[in-house]
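Dear colleague,

I am passing on the structure that we discussed, together with some notes on what was found in it. Please read the notes with the structure open beside them.

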Amino acid sequence: MPLHLPPAPAPALRSVLAALGSPTAVREAPVPALRAHQGPLSPDHALPVHVWDDVSGGMPQTRLTGWRFLVRGGERAVATAEAMLTADGWAFARFCGGPYVAATEQALAQAEALATPCQPRLLSVPELYMLTLWLHHDTASDGAEGLPAPGDLLIPLAPAPPGIAAHRPQRIADLLPRLTLRLTPATPLLAEPA
């Protein structure tokens, strides 16, 4: 089933294209795979990035923090590029590498194999150092708005926190009790993934 990708704001896309077109920005990126790639780079799969700040508060109350693009070098993603909203509008923020690049590609492939239409987004849970692919049920929404619904699916990206299975799609309502349990006082703080 094809994913219903929301269109990124044009200024966000332009800022990422400008960064990819800048030899200095690419050469100075802290992403070895991006710096080492020979050939053209292109943004792909624009995903709105939402943050869920208070897991203990029950159903997610999220806020949009940016748009993340997979950066393709040939057939594979070599990095991500993120644009964020500033007082002056959308601006390029950073290139990123690491395990979440491949994990995002894997989760998108999993989402495409599902029978239910969905709109993919990224949902960050800073309290748990966790990033998920959020499969929103409202495929007509613009991607920047809307709250997670109990039936929406989350695919935790690897590396996931202990006790949370990476790349296992789960309804938010089913995953929520395990997330709040991770935050009980007896739970040690998790180390931030590299």
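In what follows, a residue is called buried when its relative accessible area is under 20%, exposed when that area is over 50%, and partly exposed in between, with a 1.4 Å probe and protein chains only. Please keep in mind that this is a predicted model, in which local features need pLDDT of at least 70 and side-chain atom pairs count only at pLDDT 80 or more, while totals for chains, interfaces and linings use all residues. Residues are numbered from 1 along each chain as its sequence is written, and side-chain values use heavy atoms, with hydrogens and water left out.

I begin with the salt bridges, each being a side-chain nitrogen of Lys or Arg within 4 Å of a carboxyl oxygen of Asp or Glu.

Helices (H or I, at least four residues) and strands (E, at least two) are DSSP runs, numbered from the N terminus. The other partner is Glu 105, whose closest approach to Arg 72 is 2.5 Å between N and O atoms; because Glu 105 lies in helix 4 (residues 99-112) and Arg 72 in strand 2, the pair ties together parts that are 33 residues apart in sequence.

Through shared partners, Asp 44, Arg 72 and Glu 105 are joined by salt bridges into one network.

Lastly, His 50 is also placed in strand 1 and is buried, with a relative accessible area of 1%. If contact is taken as heavy atoms within 4.5 Å, and residues up to four places away in sequence are not counted, His 50 touches residues including Thr 62, Arg 63, Leu 64, Arg 121, Trp 134 and Glu 145. His 50 and Thr 104, by comparison, are 54 residues apart in sequence and 15 Å apart in space, C-alpha to C-alpha.
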